[in-house]
Amino acid sequence: MEIESGIEEKFIQNGVLLKKANATYISVLNAEGILTFGQCMKTNLHVFEWKPETCDITDSESLESGWSLVDPISRQPSPQQQVQPASIACPSSTACASAASPSIRAISEEPATGVPTKAKLTIRVFLRDLKGLETYKDELRFFNHDHTVHSVYLFRQTSTSVLLQLLERFRCVRKSTQRKNFYRCIDDPDQDKLQKSFSELNIADIRARPRPRPYMDMLSKLANVQQILPIHRPASQSTIHSELRLSNLNARVQDVDSNHHSTDQSQTAVTANGETDGFDARKLAPRPPVHRGLPLDAGTWEDVKCPNGSISDPERVKEIIFRGGIKQDIRAEVWKYLLGLDVWEHTTQQRDERRAHKTQEYFQMKFQWLTITTIQEHNFTGYRERKCQIEKDVKRTDRTYEFFAGDDNPNLAKLQDILMTYVMYNFDLGYVQGMSDLLAPILSLVQNEAESFWCFVGFMHKVFANFDIDQKGMKLQLEHLRVLLSFVNERLFNYMRENQSENMYFCFRWLLVWFKREFSNSDIMHLWEVLWTGLPCANFHLFVCVAILDQEMDVFIDGQFSFTEILKHVNELSGNLNLTAVLEQAESIYLQLKQTLETSSKESHHELRKIIGEQLSLNEGGTTGNTDEDEEDDEDSCMSIVNERSPEEKEILQRKLDEACDLSLSYMFF
């Protein structure tokens, strides 16, 4: 895409705050703007451009930017504080014409004919005029060749790592080996021919890995000579080839090495603390055949109701729902029990009284934000930003479904009102992108505004950790998924480890919104009600992930997919999955794991036992109840692998997580 100034855009990010620049730009300091990186069409030189923007809400998809897990709320100027335009003019059409042009300039931008002219300050700097870039938290700092600061930008909607990774991919920057978080700028118009080759090598990843140790490798071979004679290749050679992953070099030896590699890896399974259990994959119990049952229908539902209206056997109801879901005609009523609005033991009178009380409580909270004055909103940055984000997301949530279709649809107002009221109900969390996707199916089914709100509260209680600002809850689930896959499908896990994909970051979207974008509306209702039962364990959604990956194993391996290709393929599965087959396979994998653990020592596989909810004695590693202390212990042990890595490896993994977040969630509204 070309912009008017003759720049081919390669990166655009909204919501970038200008924190520091020279005196010319004092009027736009602390203002939000658009940061663009691209290539000048006339000189082939790369250039950065920043221009101020306003916070107007439109239906345009151009508002959509890369997602981070959470948009942290920080201070910003009030919308009522107008930015004074500059009068310094420089024709934008000549901005890139000369390589000797200044590295920072003010540009006058004129709107279309008929609109009053209003100049805006624009910062443009060529990459070759910069010494380098430095990141500090969410700040990106530009440095001149004399080591002075050129300008500083604060990324408010995403991480700076997204831009830096793109720059590294285009070979425009090179990470400094002497200065942490500093990237030296490189700009050579003739380097484009080499960009693809270098990017495929993943030089940063290769450098971050431990180098081979020939002496120790030889001692290891001598100590295990029976394993390498007469038919096995030396382990170190296999390791070197698998780490380099240069397809043009290892194509001839891949088939030979794969047999040896799978033999070695089959002797151990990776645990969450980075050690091995000495578990032989051949000892896994067989996967039992599983078939789905019939859904809960109106007749069965009436059978479990007592004369006073209470539910006589909630566990039986949950078992039926887990086996076959719920019929559409009673789904709305049963959901209110599964999500905590109604209580199983309550009589009809108690249920009606509780609903009336909850309805009154909802409208009291709604009245709070409806009566916020303009001055209050002006002085309440956190509230204002959440409201702005909700307005944007509501306009693009499930608009293809009839319930939310049309520009003047009153159901959109209900969706927005419920999300705004949740901000008042839980202001510590407020609103995070993705929450509108969780609410939409509930509202379309229940339809009553207050009852939909309390059902949404119950759902958020189950997935609250997904929206932690530090991503701790998501990282823990990804680590649990890694442990599960390494145990039940070692071949696929080994392939992913060889291709630097064992972090499971490509499953980020699945876990964040519980597969909302992978299935149709009717299927997602079925899947969610199955998961809400908590059967056969609270982490059954992880087994659903494993089942999908298990089904796609041959595609990954036969296609020799890299991390990026796996991520792309996973996102393209949306709408192409058979829910019944996935649920049957997920339950089969769970039963296989359960039976395997029952026949193994009670003192082994503690992390797996915790994942499936087994209670452990104090001597076997503590209980697995829902106490905060247990969750912290579980979290610490599961995250020890990440903590043991070097700083460079941690930085690489975090960049991959950010990339997976942004790329996965960019599909949310398409």
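Predicted model: local features only at pLDDT ≥ 70, side-chain atom pairs only at ≥ 80, totals over all residues.
View A. A search of the whole structure finds 26 aromatic pairs, and one of them joins Phe-459 to Trp-532 in an edge-to-face arrangement, with 5.2 Å from centre to centre and 80° between the planes.

**View B. Phe-543 and Tyr-590, an aromatic pair between two helices.** The ring centres of Phe-543 and Tyr-590 lie 5.4 Å apart and their planes meet at 80°, so this pair is edge-to-face. Phe-543 lies in helix α22 (residues 540–551) and Tyr-590 in helix α25 (residues 579–599), and the pair therefore ties together parts of the chain that are 47 residues apart in sequence. Both Phe-543 and Tyr-590 are buried.

View C. Is Pro-536, which has a relative accessible area of 29%, buried or partly exposed? Pro-536 is partly exposed, because 29% falls between the limits of 20% and 50%. Leaving aside residues up to four places away in sequence, Pro-536 touches Phe-322 and Tyr-590. The C-alpha atom of Pro-536 is also 9.3 Å from that of Leu-591, although these two residues are 55 residues apart along the chain.

**View D. An aromatic cluster, and two charged side chains over rings.** One aromatic cluster is formed by Tyr-362, Phe-363, Tyr-422, Tyr-425, Phe-453, Trp-454 and Phe-456. Arg-386, in turn, lies over the face of Phe-427, where the distance to the ring centre is 4.4 Å.

View E. Strands of a sheet pair through backbone hydrogen bonds, and they may do so in a parallel or an antiparallel way. Here nine strands form an open sheet with antiparallel pairing, and their order across the sheet is β4-β3-β2-β1-β7-β6-β5-β9-β8. The edge strands, each of which pairs on one side only, are β4 (123–126) and β8 (173–175). From one strand to the next, the twist averages 30°. Within this sheet, strand β5 (residues 132–136) and strand β9 (residues 182–185) run antiparallel and are joined by three bridges. Leu-133 has Tyr-183 in β9 as its bridge partner.

View F. Why is Cys-172 in no disulfide? The nearest cysteine sulfur, that of Cys-185, is 8.6 Å away, whereas a disulfide requires the two sulfur atoms to be within 2.5 Å. Cys-172 is buried, with a relative accessible area of 0%, and Cys-455 is likewise buried, with a relative accessible area of 0%.

Terms used. Residues numbered from 1 in each chain as written. Heavy atoms only, no water. Buried < 20%, exposed > 50% of the residue type's maximum accessible area, 1.4 Å probe, protein only. Phe/Tyr/Trp six-rings, centres within 6.5 Å; stacked < 30°, edge-to-face > 60°. Helix = DSSP H or I, 4+ residues; strand = E, 2+ residues; numbered from the N terminus. Lys NZ or Arg CZ within 6 Å of the ring centre and 35° of its normal. Contact = heavy atoms within 4.5 Å. Pairing = 2+ DSSP bridges. Axes fitted to C-alpha atoms, helices over the stretch in contact; angles between N-to-C directions.
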